[in-house]
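This report describes side-chain interactions and packing in a single protein chain.

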Amino acid sequence: MATSASWLTRKLFPSKMSKWLGLACFRSPTVSPNTRQKKLIQKLQEEKAFRDEMKTFREKIEAFREEMWHFRGKIHTFRGQILGFWEEERPFWEEEKTFWREEKTFWEMEKSFREEEKAFWKKYRTFWKEDKAFWKEDNALWERDRNLLQEDKALWEEEKALWTEERALLEEEKALWEDKKSLWEEENALWEEEKAVWAEGGAHIAEFLEERPYYVDGRLLSLPFSRGRA
């Protein structure tokens with residue numbers, strides 16, 4: 001019985017603590033860690049309380065063993081008295097009566113101990129069942145956090161590529177606007193030149209202009225419109 005308790009003490013907890021510390025290092029920045037951390041802290045506190053209870057139970061086992069050996073000594077003493085005190089029959093029976101009272105007390109104590117032991121092992125099985133379910137759930141949450149981190153990383157890379165593409169499009173648009181601005185300046189210069197020619201009233205120039213397109217603010221106008229403006 002003491003061997004089983006010692007095995008339980010060696011089995012518990014160090015790997016749990018290291019696993020919890022490892023998980024805390026990889027929490028997703030997109031998911032609030034408060035709920036999981038509280039559950040982990042509460043779980044470790046429960047495990048500590050359970051270990052203290054196990055230590056107390058182990059001490060009870062040792063106390064019970066001491067009582068058992070003490071009672072065995074009384075049995076041997078009583079047997080010696082049976083062999084040595086046949087002539088003092090009455091005192092012997094008084095001692096026997098006392099012995100049986102002590103024996104009754106001992107067996108009542110053993111019965112109580114066995115009931116407590118039964119309750120303890122029932123609690124032990126329940127504890128490890130809940131412990132297994134807890135870490136299974138925690139592993140699932142850890143996998144979810146890892147997947148979310150991978151998705152966030154993929155989305156960030158995609159967004160980075162889109163920003164790069166958008167920047168390139170803006171540069172291209174800027175270049176097109178510069179070209180368009182140059183064309184407008186060239187067309188305005190032609191318009192000023194034609195305006196000066198019309199002001200001089202050169203008829204032969206007017207006939208010549210009938211054969212070429214006319215631009216105003218970058219738009220091509222028909223010939224009647226050009227004459228109207230003149």
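In this predicted model, Glu116 and Lys60 form a salt bridge in which the closest N and O atoms are 2.4 Å apart. Glu116 belongs to helix H4 and Lys60 to helix H3, so the pair ties together parts that are 56 residues apart in sequence. Glu116 counts as partly exposed at 32% relative accessibility, and Lys60 counts as partly exposed at 37%.

**Salt bridges**

The structure holds 11 salt bridges. Side chains of opposite charge can pair when their charged atoms come close.

| Salt bridge | N to O distance |
|---|---|
| Lys60 and Glu116 | 2.4 Å |
| Arg36 and Asp138 | 2.9 Å |
| Arg114 and Glu117 | 3.4 Å |

The bridge between Arg36 and Asp138 has an N to O distance of 2.9 Å. Arg36 lies in helix H3 and Asp138 in helix H4, so this pair ties together parts that are 102 residues apart in sequence. Arg36 is buried, with a relative accessible area of 7%, and Asp138 counts as buried at 4%.

Arg114 and Glu117, by contrast, are 3 residues apart in helix H4, a separation of about one helical turn. Arg114 counts as partly exposed at 36% relative accessibility, whereas Glu117 is buried, with a relative accessible area of 13%. Elsewhere, salt bridges that share partners join Arg36, Asp138 and Asp145 into one network.

**Aromatic pairs and charges over rings**

A search of the whole structure finds 17 aromatic pairs. One of them is the stacked pair of Phe57 and Phe120, with 4.4 Å from centre to centre and 10° between the planes. Phe57 lies in helix H3 (residues 34-84) and Phe120 in helix H4 (residues 89-200), so the pair ties together parts that are 63 residues apart in sequence. Phe57 counts as buried at 5% relative accessibility, and Phe120 is buried with a relative accessible area of 5%.

The ring centres of Phe71 and Phe99 are 5.8 Å apart and the ring planes meet at 15°, so this pair is stacked. Phe71 in helix H3 and Phe99 in helix H4 are 28 residues apart, and their pairing links distant parts of the chain. Both Phe71 and Phe99 are buried.

Charged side chains also sit over aromatic rings. The charged end of Lys43 is placed over the ring of Phe127, 5.0 Å from the ring centre. Arg72 lies over the face of Trp69, at 4.6 Å from the ring centre.

**Nonpolar cores**

The largest nonpolar core has 10 residues, including Phe57, Phe120 and Phe127. Helices H3 and H4 each supply at least two residues of this core. Phe127 touches Lys43, Glu46, Glu47 and Phe50, leaving aside residues up to four places away in sequence. Another core, of 5 residues, lies apart from the largest one and has Phe71, Phe78, Phe99 and Phe106 among its members.

**Overall architecture**

The protein has 6 helices and 2 strands, and from the N terminus on its elements run α-α-α-α-α-β-β-α. Of its 230 residues, 22% count as buried. Among contacts between residues at least 6 apart in sequence, 76% join residues at least 24 apart. The accessible surface comes to about 18000 Å², and 57% of it belongs to carbon and sulfur atoms.

Terms used: Residues are numbered from 1 along each chain as its sequence is written. This is a predicted model: local features need pLDDT of at least 70, side-chain atom pairs count only at pLDDT 80 or more; totals for chains, interfaces and linings use all residues. Side-chain values use heavy atoms; hydrogens and water are left out. Rings of Phe, Tyr and Trp (its six-membered ring) pair if their centres lie within 6.5 Å; planes under 30 degrees apart count as stacked, over 60 as edge-to-face and the rest as tilted. Helices (H or I, at least four residues) and strands (E, at least two) are DSSP runs, numbered from the N terminus. Buried means under 20% relative accessible area, exposed over 50%, partly exposed in between (1.4 Å probe, protein chains only). A charge sits over a ring if NZ of Lys or CZ of Arg is within 6 Å of the ring centre and within 35 degrees of the ring normal. A nonpolar core is a set of buried Ala, Val, Leu, Ile, Met, Phe, Trp, Tyr and Cys residues joined through side-chain atoms within 4.5 Å. Contact means heavy atoms within 4.5 Å. Accessible areas come from the Shrake-Rupley method with a 1.4 Å probe; for residues, only the protein chains shown count as cover. A salt bridge is a side-chain nitrogen of Lys or Arg within 4 Å of a carboxyl oxygen of Asp or Glu.
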